[in-house]
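Please keep the sequence and the coordinates in view while reading.

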Amino acid sequence: MVAVNDLIPGLPALPQRCQAAIKLSFLAPSGYGKTTAVRIVNELFGSTNIRLAAPLYHLQNIIYSFIEKDISDRQDGALLQFLGATIQREQPHFLALRFFENLTHASLLQDIAIITNDDCRPHNYPYLKAWGFKFILIEGFLRTRLDQTSIDPTSELEWRPGQIPYDLSLCNTGDIDQ
């Protein structure tokens, strides 16, 4: 296993409270139910979801606020991909470092037994793996989403089968009530 310090020199280890937590990252293309799976885990067991892309959503909100357009809880997939690609090119460790800060901050505020993540992409996998996450592949089919704009599924940022090793798989071919 790669040590986090090999990925980002000088980065301290996760706080003990985080090390002891069950850490799960759900993998699938956009629209396959990762966020729904996280919501179910939270409802059943009480978990804390930490998103790698949290800074991207923050920037999306700033941009839409600036142009005085309300997109409510929807995503602008094209904008998020652009922001993610730009950050990855200019500061490859940025999202992982912010994730680490958010994880550390959350663990200081509360005891966390289960930490989830629903937005791991291939370039972030080594960080989450080094921090002890287990990966759950969600198999199924694309659901209709009400995004402001859709993602480009051919983007190098998007997850594709076989890119990230996983520990377990979850079949998601029914609806939420089944």
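Predicted model: local features only at pLDDT ≥ 70, side-chain atom pairs only at ≥ 80, totals over all residues.

Cysteine 120 counts as buried, because its relative accessibility is 2%; here buried means under 20% relative accessible area, exposed over 50%, and partly exposed in between, with a 1.4 Å probe and protein chains only. Cysteine 18, at 1% relative accessibility, is likewise buried. Residues are numbered from 1 along each chain as its sequence is written, and side-chain values use heavy atoms, with hydrogens and water left out.

Cys120 also belongs to the largest nonpolar core, where it is listed with Phe99, Ile115, Leu128, Trp131 and Phe135 as having the most contacts inside a set of 26 residues. A nonpolar core is a set of buried Ala, Val, Leu, Ile, Met, Phe, Trp, Tyr and Cys residues joined through side-chain atoms within 4.5 Å. Two or more residues of this core come from each of α6 (94–109), α7 (125–130) and β4 (134–140); helices (H or I, at least four residues) and strands (E, at least two) are DSSP runs, numbered from the N terminus. The largest share, five residues, is that of α6. Apart from this core lies another, of ten residues, among them Leu56, Leu79, Ile87 and Leu95. In soluble globular proteins, nonpolar side chains tend to be buried together.

Which residues does leucine 128 contact, leaving aside its neighbours within four places in sequence? They are Ser25, Leu52, Phe99, Asn117, Cys120, Phe133 and Phe135, where contact means heavy atoms within 4.5 Å.

The sheet is open and consists of five parallel-paired strands in the order β2-β3-β1-β4-β5; two strands pair if DSSP finds at least two bridges between them. Because β2 (48–49) and β5 (168–172) stand at the edges with a single partner strand each, one side of each is left without a neighbour in the sheet. Strand β1 (residues 22–27) runs parallel to β3 (residues 114–117), and four bridges join them. Within this pair, lysine 23 stands opposite isoleucine 115 in β3.

Between β3 and α7 runs a loop that contains asparagine 124. Asparagine 124 counts as buried, since its relative accessibility is 2%. Beyond four places in sequence, its contacts are Leu52 and Leu95. The side chains of asparagine 124 and histidine 123 are joined by a polar contact of 3.4 Å; such a contact is a pair of N or O atoms within 3.5 Å, and within protein one must be able to donate a hydrogen and the other to accept it, residues adjacent in sequence counting only if both atoms are side-chain atoms.

Helix α4 holds leucine 59, which is partly exposed at 31% relative accessibility. Leucine 59 touches Leu83 and Ile87, not counting residues up to four places away in sequence. The loop between α4 (54–66) and α5 (77–90) contains glutamate 68, exposed at 75% relative accessibility. Its phi is near 55 degrees, a positive value in a residue other than glycine.

Finally, pLDDT, the predictor's confidence in each residue from 0 to 100, averages 84 over the protein chain, with 83% of the residues scoring at least 70. Confidence is lowest in helix α1 (residues 4–7), at a mean of 72, and highest in α4, at 95.
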